Amino acid sequence: MPATAAIRVVPVDDALRPKLLGLHVLPAQRDWVGAIADLLADVALCPGSEAMAILHADRPVGCYRIEPTPRSVTGHDLELPSLGLRGFFIDAAWQGRGLGQLALQAMFVDLARRHPRARQLALMVDRNNHAALRLYLRAGFDDSGELYHGGRSGPQRLLLRPLP
């Protein structure tokens, strides 16, 4: 399948869940992303949290989680009405094809439609996860300069992106 095939994002449902459980990241990325099974299980425990599938021509190639407030991601509230992003990943077999950038753009459109009151998206990214930092900065996130030291794999940087 060419990388130019349509990318879209949809809420995870019972039909998508087993397909998403087959996705994985590279071993070096596991500390940053965690296991897809954990991401999906946590959604059920966190009111308002949304598991989202990234589809490439209707085939699941990634996943992420949207939090209704940034507090669960950043540890504190933000000045603007904000959402949190956690666990964003593209399956190892699909990495390096530009799908991450396309998926982020599809996510921004989806968030503007489904969460019109939100003015920004917040995420924490490990400061040593250079590929993710490059991806997020290219997608319009700004580095706030704030570091969070409680991450499981080391200090994390707070990135913020205005939503349309």
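## Contacts, rings and backbone in a predicted model

Setting aside residues up to four places away in sequence, P11 contacts L16, A51 and M52; contact means heavy atoms within 4.5 Å. This is a predicted model, in which local features need pLDDT of at least 70, side-chain atom pairs count only at pLDDT 80 or more, and totals for chains, interfaces and linings use all residues. Residues are numbered from 1 along each chain as its sequence is written, and side-chain values use heavy atoms, with hydrogens and water left out.

P11 belongs to strand β1 (residues 7–11). Strands (E, at least two residues) and helices (H or I, at least four) are DSSP runs, numbered from the N terminus. P11 and A51 are 40 residues apart in sequence, yet their C-alpha atoms are 6.0 Å apart.

**Burial and backbone**

Buried means under 20% relative accessible area, exposed over 50%, and partly exposed in between (1.4 Å probe, protein chains only).

| Residue | Relative accessibility | Class |
|---|---|---|
| P11 | 46% | partly exposed |
| A57 | 39% | partly exposed |
| D58 | 54% | exposed |
| E67 | 2% | buried |

A57 sits in the loop between β2 (50–56) and β3. D58 is in the loop between β2 and β3. Neither is a glycine, but phi is positive: about 50° at A57 and about 70° at D58.

E67 lies in strand β3 (residues 59–67). Its side chain makes a polar contact of 3.3 Å with that of S49. A polar contact is a pair of N or O atoms within 3.5 Å; within protein, one must be able to donate a hydrogen and the other to accept it, and residues adjacent in sequence count only if both atoms are side-chain atoms. Beyond four places in sequence, E67 also touches residues including V73, L83 and R86.

**Aromatic rings**

The whole structure holds four aromatic pairs. Rings of Phe, Tyr and Trp (its six-membered ring) pair if their centres lie within 6.5 Å; planes under 30 degrees apart count as stacked, over 60 as edge-to-face and the rest as tilted. F108 and F141 form a tilted pair, 6.0 Å centre to centre with 55° between the planes. Y136 and F141 pair edge-to-face, at 5.5 Å and 70°. Both Y136 and F141 are buried. Y64, F88, F108, Y136 and F141 form one cluster.

The charged end of R161 sits over the F108 ring, 3.6 Å from its centre. The criterion is NZ of Lys or CZ of Arg within 6 Å of the ring centre and within 35 degrees of the ring normal.
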